[in-house]
Amino acid sequence: MQQLEKTRARIKLAGERRPAIAWPAIAGALAIIASFLMWAAPQGARAFGDEALLTVAVLKVPGAVFNREQAIAPWIYEIERRTSIKANPKPVFVEAGDKTIFNYPFILMTGADEFPPFNDKELQNLRRYLKYGGLLFADNTQAIKDYGFDKSFRRMLGRLFPDLEIKATTGDHSLFRSFYLLDYVPGRVIVDSFFEGIEIDGRWPVVYSKNDITGAWARDSYGSYLYSVSPGGERQREMAFRQGVNLVLYALTIDYKKDAVHIPHILKRRK
Amino acid sequence: MLKFLSLLGVDIADYNHWELFSQAGWYSASAAFFALFVGAVILWFGYRSTDRLKKRPLRRLLIVALRSAAIIAALVVIFEPALRLGKVSKMSSSIAVLIDNSQSMALGKPARYVRAVEYIADHNAEVRELAAKFNLDFYLLGSQISRIDPHTLTKAPVNAESTDYLEAFSALALEYPTDTLKGALLISDGVDNGAAGEARREGRIDPALIEKLPHPLHVMLAGETAGVIDAAITEVIADSYGFVRNTFKVTVRVDLKGVEATSVPLVLKRGGSVVTSRDIAIIPGQQSYDVTLEFKPDRVGRFIFSVELPGFAGESIRENNRKMFSMEVIRDKIRVLQVVGHPSWDERFLRRLLKQDPNIDLISFFILRTRYDDNTIPKEELSLIPFPDVEIFDEKLHTFDLLILQNFDYRPYFGNSRSGGVTAGRLLDNIRRFVVEFGGGLVMIGGDESFSEGGYARTPIEEVLPVKLFAGQSFGSGYQDLTPFKMQLTDAGKNHPVTRLAFNPEQNEKKWKTLPELYGTNIVRGLAPDAVVLGTHPTLRAGADPLPVLAVREVGEGRVLSLLADSSWRWDFLNVGEGGSNREYINFWRNAIRWLIRNPETKLIEVGTDRPVYHLGAKATIRAEVSERDYRPVTEGSLDMTIYREGDDAPVERVIEAKIVEGSYIKEFKPTAPGYYRVTASAKGQTGFLGSDETIFEVSAGTVEFSEPGPDVGYLKRLAAETGGTFNFITDNPDMPDFETEDRYRLAAKMTLPLWDNWFILFFLVTLLGAEWFIRRRSGLR
């Protein structure tokens with residue numbers, strides 16, 4: 001039953017692509033359906049129940065509206081299409097103070113505007129979540145520094161981890177090599193070429209983008225991308241999807257690609 | 001003074017000496033000087049105050065005299081003077097003659113000890129002369145000293161098992177506590193192998209020994225210095241344990257005397273096989289060599305090694321050409337190979353745990369993309385590498401201690417077009433052999449691509465798994481159940497080291513009950529016959545029994561664990577979210593790893609001795625502790641034990657089917673020959689064969705004296721020089737050394753007579769002051 005729902009969701013996604021250019025869309029849809037059939041047939045059940053699927057949990061921000069709901073399905077679709085990860089196409093919404101966030105080790109937070117501060121109980125729960133293995137990916141959809149969401153989010157981090165500084169990623173960070181080899185943080189725009197975040201014991205439980213990555217993924221109900229991507233156009237959008245894949249792989253494998261067995265291959269390909 | 005005291009009525013018959021001293025605790029010469037100065041100042045001003053009596057000098061003198069007497073009386077009270085009476089007697093001084101009677105003194109022709117005794121006999125007149133001037137005491141010196149009548153020296157045994165100068169001279173110092181020892185004569189070969197022996201070998205004198213040496217210590221070397229041939233291993237310096245596949249260093253201290261060669265081979269052997277060797281290049285004039293041998297142990301276990309020098313013609317002793325040592329080879333790090341079918345939270349939390357453990361060297365392979373995923377991106381833009389199935393499972397598997405197959409379906413990868421003709425069957429059999437033959441640990445973690453779903457039924461892997469699988473491809477959720485459940489601990493699980501989260505079984509069960517639910521389980525056909533189930537599903541069954549969720553099994557040399565779920569990460573993160581901690585998850589997996597790699601703590605049978613080294617003639621106590629597979633002590637079982645002596649083919653003792661009482665068996669064994677002994681034991685319990693273990697111990701014949709026959713000329717010279725004594729070779733037949741005579745006295749029978757603590761002084765003081773006042777007033781002074 002769950003499998004059927006998943007397949008329906010994917011078929012719907014594929015079928016909703018741009019009706020104005022019908023042939024390419026149909027061809028694409030057929031290709032996707034064919035790939036699903038190829039992938040599904042020999043493998044039987046795809047996961048050990050819904051709980052074994054990667055489910056993206058969206059963090060509800062007090063007084064704010066989640067403005068990138070249309071980015072989740074395309075993102076999950078690309079993850080499933082490109083990797084062996086088994087993911088749930090439907091996000092769940094969680095609150096910072098609720099212990100149910102521990103069911104979902106990956107949470108997404110987006111926003112454009114300033115938001116009111118979390119209360120102490122929420123911060124305490126969130127701190128515990130991040131410290132013990134959770135990952136929060138925050139995407140600034142406004143893509144402006146020192147203003148709006150950026151200002152509030154930094155204030156929130158300061159209260160979450162007052163003893164830790166906000167760091168910027170370097171080029172060899174696992175976020176840029178967990179699946180695809182990337183050189184910068186591609187998004188709807190490029191405000192900064194790096195992520196910022198917090199590091200605890202070699203792991204980044206908080207990853208913050210100011211480039212509106214989710215904006216590059218978002219599609220309307222007809223399959224059209226909602227926002228143009230600049231300055232790199234569609235190539236940059238592709239890179240944004242790759243970054244989305246890397247983000248999830250980073251959450252699931254952390255520094256796997258820094259294992260010695262991978263390093264020579266990565267260095268060779270980086271040349 | 002004594003006469004004066006006798007006039008005063010003091011009985012002085014017992015005293016011939018007196019001295020004046022102060023009883024005041026604060027007394028010091030500077031304080032006395034200061035008081036006298038103050039007294040003098042007071043007197044001066046007192047004298048000046050009587051200027052008006054210039055014309056009456058006698059009266060003036062009388063006042064000043066009274067004042068002076070009063071000040072003196074006051075000072076007497078302040079300084080509390082006393083007389084100490086005593087009897088001083090002349091002391092007789094002593095000389096000690098120490099003759100080494102350790103086993104090495106029996107070496108030589110004639111024996112070194114015989115030379116020493118003959119020397120004493122030949123110099124009888126000088127000895128008598130010395131005895132006339134001093135108390136001449138003779139001692140035998142070995143690990144201690146013992147006084148001996150010089151007339152019985154020829155009958156004394158030359159059998160002391162060691163030579164310990166520090167112990168001997170410490171004891172000698174106690175023999176003469178009043179510093180009457182005027183010096184000593186030591187006749188020895190200089191091979192101090194006691195507490196100060198380490199410093200001797202380094203060419204110096206132990207500072208503790210320097211403190212105890214008598215002054216002067218005249219030394220005579222009792223030993224031949226020419227013609228001695230001996231190659232000796234005096235010491236082996238090696239750690240008691242080393243790490244497998246890591247360089248291990250053994251430093252061997254070698255003494256080569258009179259060896260006519262340019263180089264001497266030093267060989268390190270294990271059980272008769274040469275492990276490594278090194279040639280020692282002989283440097284003219286150099287006797288001692290520190291040689292470091294290096295090798296890499298290739299197996300985990302406890303081994304006996306020997307270092308050996310060849311024998312040389314004319315060698316005084318051959319026993320010291322070989323020395324043995326034992327060593328435990330352990331893992332430096334547990335090498336874990338984690339192969340994961342696809343990334344998941346279960347993989348992520350387990351990897352984090354393994355990565356954070358400093359004792360684990362983790363190699364992970366995750367299938368990040370299958371052939372069914374988008375393969376159109378050029379590989380240069382990806383960080384992916386091909387899954388090296390053949391390299392891992394055909395070439396490198398034996399370098400790991402533990403293999404974790406986590407929700408991994410081998411079929412797309414094993415024996416495919418990239419495998420270069422290596423079949424899936426071969427790789428699967430390699431895994432089986434890794435467990436059964438090489439003692440590796442195997443974990444299979446559940447999921448939709450694992451156990452029956454992973455196609456492992458009827459493969460070599462199923463042969464070693466604790467669970468029996470369903471054959472054939474399953475679609476849908478045929479061999480899975482997706483409902484959440486709480487794993488229930490079995491009776492075995494309450495005691496087993498894998499599931500022991502608390503020492504007390506009840507508390508352990510309680511802890512398990514508080515852990516979050518697992519989501520979904522693999523369904524299996526049943527259990528392998530000798531598997532132990534630690535956790536079961538609360539409702540589902542495999543045949544007549546509850547469905548196993550966590551089961552373990554010992555197969556051949558290795559151990560296997562099956563966890564039929566892919567959500568154990570919930571015991572970590574969810575438990576934290578519910579206000580608990582992740583300790584239970586961490587401890588569970590650490591326990592599991594320890595058990596899987598046969599950590600000594602998790603052995604079912606453990607054999608040991610109460611001491612690592614016994615002296616020949618002593619009884620060795622060998623103890624075996626035996627547990628059933630659920631780690632409860634064996635109540636009905638038997639044990640076979642065999643004791644071998646290193647180098648002998650036949651065992652020296654064998655015990656067959658001895659009864660195990662409450663999990664223990666104790667064997668007392670009296671070795672009849674020195675050497676290294678190996679004990680092997682195997683046990684059976686209610687569930688059949690439980691395994692085997694072995695231990696080794698050493699039986700020493702006490703030949704430390706022969707490990708280095710000496711003599712050590714340099715050491716003896718240093719001792720003599722340190723104390724101002726002389727050094728001579730006994731073979732030169734020198735005169736007996738001279739010792740300076742000096743009269744010494746002893747103070748005894750003391751008595752203290754306080755001079756201030758009486759009424760007379762007080763009365764005298766008051767009278768003087770009163771008289772001074774009276775005369776002063778009568779003279780018109782204030």
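## Where α7(A) meets α9(B)

In this predicted model, helix α7 (residues 233-253) of chain A and helix α9 (residues 345-356) of chain B have axes that come within 7 Å and cross at roughly 55°. The two are therefore oblique to each other (under 35 degrees counts as roughly parallel, over 145 as roughly antiparallel, 65 to 115 as roughly perpendicular, and the rest as oblique). Axes here are lines fitted to C-alpha atoms, for helices over the stretch in contact, with angles from 0 to 180 degrees between N-to-C directions.

On the α7(A) side, the contact (heavy atoms within 4.5 Å) uses A:A251, A:L252 and A:T253. From α9(B) come B:W345, B:E347, B:R348 and B:R351. Sorted by class, that contact has three nonpolar, one polar and three charged residues. Ala, Val, Leu, Ile, Met, Phe, Trp, Tyr, Cys and Pro count as nonpolar, Asp, Glu, Lys and Arg as charged, and the others, Gly among them, as polar.

α7(A) has 21 residues and spans 30 Å from its first C-alpha to its last, close to the expected 30 Å at 1.5 Å a residue (the expected span is 1.5 Å times one less than the number of residues). 18 of its 21 residues are buried, so α7(A) is largely enclosed by the rest of the structure. Buried means under 20% relative accessible area, exposed over 50%, and partly exposed in between (1.4 Å probe, protein chains only).

Helix α3 (residues 69-82) of chain A has 14 residues and reaches 21 Å, close to the 20 Å expected. Ten of those 14 are buried, so α3(A) is also largely enclosed by the rest of the structure. Among the buried ones are A:W75, A:Y77, A:E78, A:E80 and A:R82.

## A helix pair within chain B

Helix α10 (residues 389-396) and helix α11 (residues 424-436) of chain B pack at about 45°, with axes 9 Å apart. That makes α10(B) oblique to α11(B). The contact joins B:D389, B:V390, B:F393 and B:D394 of α10(B) to B:R426, B:L427, B:N430 and B:I431 of α11(B). By class, that's four nonpolar, one polar and three charged residues.

## Chain B overall

Chain B has 18 helices and 37 strands (DSSP runs numbered from the N terminus: helices H or I, at least four residues; strands E, at least two). Of its 782 residues, 52% are buried.

## About the numbers

Residues are numbered from 1 along each chain as its sequence is written, and chains are lettered from A and ligands numbered from 1 in the order in which they are written. Local features need pLDDT of at least 70 and side-chain atom pairs count only at pLDDT 80 or more, while totals for chains, interfaces and linings use all residues; side-chain values use heavy atoms, leaving out hydrogens and water.
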